[in-house]
Amino acid sequence: MNAPRTYGTNPHPPAGRLFIVEGIDGSGKSTQLTLLAQWLKGEGYPVVFSEWNSSVIVKVTTSRGKRRRLLTPLTFSLIHATDFSDRVEREIMPSLKAGAIVLADRYVYTAFARDVVRGLDPSWVRSLYRFAVTPTMAFYFRVPHEIALRRILSGRPKLKWYEAGMDLALHADPRESYRIFQSRILIEYEKLVQEYGLVVIDAAQPVEVQQRLMREAIRPHLPALGGEPIVHERA
Amino acid sequence: MNGHESYGIRIPGVDPGELTGWLIVIEGTDGVGRTTQVNLLRTHLERLGYAVAETGINRSDLASRGIRRAKEGNTLGSNAFNLFYATDFADQLENQIVPALRSGFVLITDRYFYSLVARAIVRGADPDWIRRVFSFSLKPDAVFYLRIEVPDLVPRMLLDGGFDYWESGMDLPMGEDLYESFIHYQKRVIEELDVLAGENHFRTIDATRPIEDISAELCRDVSAILTAGRHSGDRWLAQP
């Protein structure tokens, strides 16, 4: 078997479709994905959600590592790959094989951006995720980090340690650290847009405008509807 | 040689030149007597005046509990298990091995990432991919591979309290029962360790030899490595 050695060469099985959203926190990508799911369900498609960092078994370790600040750039990277791998094997692939529309909130590009900013070798991080299926379409919600920061701080009292990049000792003030860290992530995302052809959505536009653009982009990739849904959405 | 280089990628925050200690690996499947040899070697080196630390795989503060939980339920995907082990190993490398090497210790490790690569390949991981995943690992000063054939291993396992579910590859499984699966699984693990032994210049030791003989060889070889000098100019510890 001639196995692909890096991410991007493992196509998804034909039955289902995989749409993913990327962007920094506060870019509004989760809102857009939720609206997309509503629409798809309304059209009669079986929809399955998969969220970054949500494998039940791995999450316990990740949360503990974050809470106790045990994670280094290397273990931060590996534990997220572990989580993702578990979801690919037990959630994403089976659902795609069964013909579902899988919607993923963050995908491998999140790791590509964050881990590289944390100092890891870009080609190593890509090979780590070699097993991942390539999405049918990947959306990147482009937003200036000042807007993202405002959105985040309006919903939550404090920035989290790793989210603000405090582990990198960029700045003693979490807000400043966040600013520096996220601006570096934005630079990585722009590289990924080029490298993987992510579909860019201007996230400063009104929500409904962004949603309309997403639906228009996705529609040609949807399978023909017919018969009963193969998979029912999980609770 | 200047410090400890990795097999591929640099670990962020770790300067290889600072790692002036020695990294000694004892490899081999279960039941070959690794623990006994590690203890004898440690005593010998401490008698010579070296500061010695030891570690083993799957003992990290971060992930070993999570792995144990996942094993109990057998609920984690197979590839996720490979990466979970890599996480666990990375945590140990950064928190036990690197600090010991920075402090100029002799770090003896009871197995190294080679065992994890072997178990992953036997479970279907792509050999190139899993090697690449572990390429953050530091190159050791020496790897002593306690090698045994499966027929010699069986009586030892029986004396040791029987066959372990995972060490028998029963998650795969590779045979009708624990015994059958153990035979096939261990045979495959040894095959993969043999490949790694060739690639990485392991010093292979026949593990069926008497304990004292093996220990004498180990102590002699490791002493020779240490006498040859440190990795960098930092020689604050007197040579014996």
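The exercises below work through this predicted model.

**Exercise 1.** Work out how helix 4 of chain A and helix 7 of chain A are oriented towards each other.

*Solution.* Start with the axes: helix 4 (residues 108-117) of chain A and helix 7 (residues 174-196) of chain A come within 9 Å and cross at roughly 130°. Now sort that angle: over 145 degrees would count as roughly antiparallel, and 65 to 115 as roughly perpendicular.

Next, look at who does the touching. Helix 4 of chain A brings A:Tyr109, A:Phe112, A:Ala113, A:Arg114, A:Val116 and A:Val117, and they meet A:Phe181, A:Arg184, A:Ile185, A:Glu188, A:Tyr189, A:Leu192 and A:Tyr196 in helix 7 of chain A. Sorted by class, the residues of this contact come out as 10 nonpolar, no polar and 3 charged.

**Exercise 2.** What does the contact of helix 1 of chain A with helix 8 of chain A look like by class?

*Solution.* First the geometry: helix 1 (residues 29-43) of chain A and helix 8 (residues 207-218) of chain A pack at an angle of about 55°, with their axes 10 Å apart. Helix 1 of chain A and helix 8 of chain A are therefore oblique to each other, and helix 1 passes helix 8 in a right-handed crossing.

Then list the partners. A:Thr31, A:Gln32, A:Leu35, A:Leu36 and A:Trp39 come from helix 1 of chain A, and they meet A:Val207, A:Gln210, A:Gln211, A:Met214 and A:Arg215 of helix 8 of chain A. Count them by class and you get 5 nonpolar, 4 polar and 1 charged residues.

**Exercise 3.** Find which helix of chain B gives the largest share of the side that touches chain A.

*Solution.* Begin with the contact itself: 30 residues of chain B are in contact with 29 residues of chain A. Three helices of chain B each supply at least two residues to the side touching chain A: helix 2 (64-73), helix 3 (78-102) and helix 5 (127-133). The largest share, 9 residues, comes from helix 3 of chain B. By class, this side of chain B has 15 nonpolar, 8 polar and 7 charged residues.

**Exercise 4.** Which members of the largest nonpolar core touch the most other members?

*Solution.* This core has 132 residues, and the ones touching the most other members are A:Val102, B:Phe84, B:Val106, B:Leu107 and B:Val117. Helix 3 of chain B gives the most to the core, with 13 residues.

Now zoom in on one of them. Leaving out residues up to four places away in sequence, B:Val106 touches B:Gly21, B:Trp22, B:Ile24, B:Leu45, B:Tyr50, B:Ala51, B:Val52 and B:Leu226.

**Exercise 5.** Is A:Arg106 buried or exposed, and what about B:His201?

*Solution.* Take A:Arg106 to begin with. Its place is the loop between strand 3 (101-105) and helix 4 of chain A, and its phi is near 80°, a positive value in a residue other than glycine. A:Arg106 has 23 of them, so it is buried.

B:His201 sits in the loop between helix 7 and strand 5 (203-206) of chain B. Its phi is positive too, near 55°. The exposed class takes 12 or fewer neighbours; B:His201 has 8 C-beta neighbours inside 10 Å, so it counts as exposed.

Methods. Residues are numbered from 1 along each chain as its sequence is written. Chains are lettered from A and ligands numbered from 1 in the order in which they are written. This is a predicted model: local features need pLDDT of at least 70, side-chain atom pairs count only at pLDDT 80 or more; totals for chains, interfaces and linings use all residues. Axes are lines fitted to C-alpha atoms, for helices over the stretch in contact, and angles run from 0 to 180 degrees between N-to-C directions. Helices (H or I, at least four residues) and strands (E, at least two) are DSSP runs, numbered from the N terminus. Angles under 35 degrees count as roughly parallel, over 145 as roughly antiparallel, 65 to 115 as roughly perpendicular and the rest as oblique. Two residues are in contact if their C-beta atoms, placed from the backbone, lie within 7 Å. Ala, Val, Leu, Ile, Met, Phe, Trp, Tyr, Cys and Pro count as nonpolar, Asp, Glu, Lys and Arg as charged, and the others, Gly among them, as polar. A nonpolar core is a set of buried Ala, Val, Leu, Ile, Met, Phe, Trp, Tyr and Cys residues joined through C-beta atoms within 7 Å. A residue is buried if 20 or more other C-beta atoms lie within 10 Å of its own, exposed if 12 or fewer, and partly exposed in between; C-beta atoms are placed from the backbone. A crossing is left-handed if the near helix is turned anticlockwise from the far one by less than a right angle, and right-handed if clockwise.
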